[in-house]
Amino acid sequence: MSTNPIIPYAFHPKKKQNAKPTVVINNFCELLGLELPETRVSVSYCRCKHCPDMPTVKESVCCIDVQEATSKWAKNWKKFVDETDKCYSSHHVFQKIINDELDLDHFIQIDRMHLKQIANLTRSVYVDEYIAAEKNDMYRFACYRKTTYLVHDIMGIGKRVQLPACIVGAIRNKYPSKSETYKGYEEFFGED
Ligand SMILES: [Zn+2]
Ligand SMILES: [Zn+2]
């Protein structure tokens, strides 16, 4: 009698050993089209001198990184700023987006209708993200959405694409949160 017990489906456990771990820290930055190193948060990533410290690796993206990247999102930015060599946050069109409150009010009105329509079309529950907050929170959200819309020509609620950190920083400086807490990753909307 053999002392070796029969091990049914022996190949399956072997295959599992090569399986990916269930928790994967994903530092893939859609904006740059690159996987960013984990050490990025702790090192000084900014070269334009206007990026604040960001809580996550993915959000730690300087406009100069965008300038050097070749992703379609980076190309959209380069088209938007028209080969400027200054920090993206000082670009006159972006400055107009964040400083013209009347225009932002108008944008919010249209964006609300648009988000309602998307919710209807996709049969999902409509949540008015503009209503929940302080006025500054509302304007900050509108600036993220409007910038994304004008740079990438998209207004979806699907995949999120990061904004350069100096852009996020300029919006936060203009419309600071009273509690000084900022929703992580709130600033990115987009779809393929
Ligand atoms: Zn920077
Ligand atoms: Zn910059």
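Trainee: Which residues is Ser60 in contact with, leaving aside its neighbours within four places in sequence?

Mentor: Contact here rests on C-beta atoms lying within 7 Å. In this predicted model, Ser60 is in contact with Arg40, Val41, Tyr45, Met54 and Ala165, once its neighbours within four places in sequence are set aside.

Trainee: Where is the place of Ser60?

Mentor: Ser60 belongs to the loop between β2 (34-35) and α2 (63-68). As for a distance, the C-alpha atoms of Ser60 and Val43 are separated by 10.0 Å, and the two residues are 17 apart along the chain.

Trainee: Is Ser60 buried or exposed?

Mentor: Count the other C-beta atoms within 10 Å: 20 or more makes a residue buried, 12 or fewer makes it exposed. Ser60 has 25 of them, so Ser60 is buried.

Trainee: And Lys49, is that residue buried or exposed?

Mentor: Lys49 counts as exposed because it has 9 C-beta neighbours inside 10 Å. Its place is also in the loop between β2 and α2.

Trainee: Where is the place of Arg123, and is Arg123 buried or exposed?

Mentor: Arg123 lies in the loop between α5 (101-121) and α6 (135-152). With 6 other C-beta atoms within 10 Å, Arg123 is exposed.

Note on methods: Residues numbered from 1 in each chain as written. Chains lettered and ligands numbered in written order. Predicted model: local features only at pLDDT ≥ 70, side-chain atom pairs only at ≥ 80, totals over all residues. Helix = DSSP H or I, 4+ residues; strand = E, 2+ residues; numbered from the N terminus. Contact = placed C-beta atoms within 7 Å.
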